[in-house]
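Subject: Structure handover

Hello,

Please find the structure below. My notes on it follow.

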Amino acid sequence: MSLTGTPFLYTTVVLSVVALILPLVLWSRMRGPRAARTAARVLMLLFAQATAVTLIFVLVNNQNNLYDNWADLLGTGDHVQQAANLGQDGTGGIALRRLPKVRQDFTAADGPAMHAAGGVRVTQLRGRVSGVDAEVYVWLPPQYGEPAYRDHRFPVVELLPGYPGSAKAWFGSLKVHEQLEPLMRSGRVAPFILVAPRTNLLAGVDTGCANIPGTVNADSWLSVDVPKMVTDNFRAAAEPANWAVAGYSAGAHCAVRLAVAHPDRYRAAVSLSGYNDPIGERNSLTAQSVPLRERNNPYLLLRGATAPPRIALYLSGESGDGYQAAVALEQIAKAPTTVHVVFLPRSAGGHNMALWRPQVPAVFEWLTVNMGQSHVRAATTPHEPSSAGSTRAALASGTASRAGAARKR
């Protein structure tokens, strides 16, 4: 039975109701020795507690898309076939243009909101360069099937979840496609192809979206294998100027690091409540030693770059949860690098989906402008308290802030 499926949810609901009714009906009707009656009552109470906790977990998991399946939850999933040393550029010296085209079969993705706005499709990709074998979700803009766009090549945004987190989260919890479809039809937002690859590749740890020889080549998976698959199977523009990467929490850290490290692959990056030092996620592989932390800190990468990369960064966060990291990047950025910082007040919410969901429209309007897709005006001025294009009520619907805490999304 699927962890995120409707049958499992209904089963937990039924068991919770049964567990509540049992003590009411049987408590005073117990027969037999006193010890046996006491043991039976204790078991009923434990059963009621266990079913209640399970139901709450299922509801929270389905709402936030933390774990896709039982393997992710139990820490038994492993999507790494091999992790060869691929060198500094993550290609292992392979001439990518000479690789045969990757032809993939796609099916309709299942799960909450996955059938909305034209539907999300999914494929199982075996990365020829990275050695990763995992699923990739793709959503096509409404213009993709229109005759007027039959010769058009579309810009792409890769979407990265936090840790733990499912690649479905951007569609299920953040409803990115449902929010953007009307904006794309109206012309406020460019018709981007949205791509959400799995980032939870190893059991019980966050890869930090990095290449670690002998362990995982997450960087090459995200910046080489996935883009090649997309351009081989869809009318997607291959030029770096047409590619961006966006993430929240641990995914935000990854998005900025990928763009700073690979300006030859990405033009822009979006960070929602991100961090620079990998120690921001203590379960990250890149937080395990000082050298790894330094090699995967976008602040240090940007500061030490031989020449400032031609990238645009959109960084939003609350004080103590993303804002200071964003300002640090802004302070060292030099043209042609541009940094747009959005300050979110504490009243906006906490480190959760309720904070990030309403930022989606403003983020993609900014991407439209900064990737040269239209002349839509840019959003808020850096450092001004901002709702990121959302109503105060919408942003204030989050739970208590988790600023400064170890991130678990």
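To start with one loop, P164 sits between β4 (156–160) and α4 (169–172), where helices (H or I, at least four residues) and strands (E, at least two) are DSSP runs numbered from the N terminus. The peptide bond that joins Y163 to P164 is cis, with omega at about -15°.

Before the rest, the conventions. This is a predicted model, in which local features need pLDDT of at least 70 and side-chain atom pairs count only at pLDDT 80 or more, while totals for chains, interfaces and linings use all residues. Residues are numbered from 1 along each chain as its sequence is written, and side-chain values use heavy atoms, with hydrogens and water left out.

Overall

The secondary structure of the protein amounts to 13 helices and 11 strands. Of the 409 residues in the protein, 53% are buried (buried means under 20% relative accessible area, exposed over 50%, and partly exposed in between, with a 1.4 Å probe and protein chains only). The protein exposes about 17900 Å², and carbon and sulfur atoms supply 56% of that area (Shrake-Rupley method with a 1.4 Å probe; for residues, only the protein chains shown count as cover). Among contacts with a separation of 6 or more, 76% are between residues 24 or more positions apart; contact means heavy atoms within 4.5 Å.

Backbone geometry

Most residues other than glycine have a negative phi, and most peptide bonds are trans. P336 belongs to the loop between α10 and β11.

A113, which is not a glycine, has a phi of about 70°, and its place is the loop between β1 (107–108) and β2 (121–126). S249, also a residue other than glycine, has a phi near 55°. S249 lies in the loop between β8 (243–248) and α7 and is buried, with a relative accessible area of 0%.

Helix α10 and strand β11

Which residues of helix α10 are buried? In α10 (residues 323–332) they are Y323, A325, A326, V327, L329 and I332. Their cover includes α7 (250–261), α9 (298–303), β10 (312–317) and β11 (338–343).

V339 is a residue of strand β11 and counts as buried, at 15% relative accessibility. Apart from neighbours within four places in sequence, V339 is in contact with L313, L315, A326, L329, E330 and A333. The C-alpha atoms of V339 and A268 are 9.9 Å apart in space, and the two residues are 71 residues apart in sequence.

G320 is in the loop between β10 and α10. It is partly exposed, with a relative accessible area of 36%.

Helices α5 and α12

How do α5 and α12 lie relative to each other? Helix α5 (residues 176–186) packs with helix α12 (residues 360–370) at an angle of about 55°, and their axes are 10 Å apart. Axes here are lines fitted to C-alpha atoms, for helices over the stretch in contact, and angles run from 0 to 180 degrees between N-to-C directions. The two helices are therefore oblique to each other (under 35 degrees counts as roughly parallel, over 145 as roughly antiparallel, 65 to 115 as roughly perpendicular, and the rest as oblique). On the α5 side, V176, Q179, L180 and L183 meet V360, P361 and F364 in α12. By class, this contact of α5 with α12 has six nonpolar, one polar and no charged residues (Ala, Val, Leu, Ile, Met, Phe, Trp, Tyr, Cys and Pro count as nonpolar, Asp, Glu, Lys and Arg as charged, and the others, Gly among them, as polar).

Q373 lies in the loop between α12 and α13 (392–395) and is partly exposed, with a relative accessible area of 25%. Leaving out residues up to four places away in sequence, Q373 touches P155, A190, F192, N242 and T368. Q373 and V189 are 184 residues apart along the chain, and their C-alpha atoms are separated by 8.5 Å.

S284 is in the loop between β9 (268–272) and α8 (290–295). S284 is buried, with a relative accessible area of 2%, and it touches D206, T207, G208 and P278, again not counting residues up to four places away in sequence.

Regards
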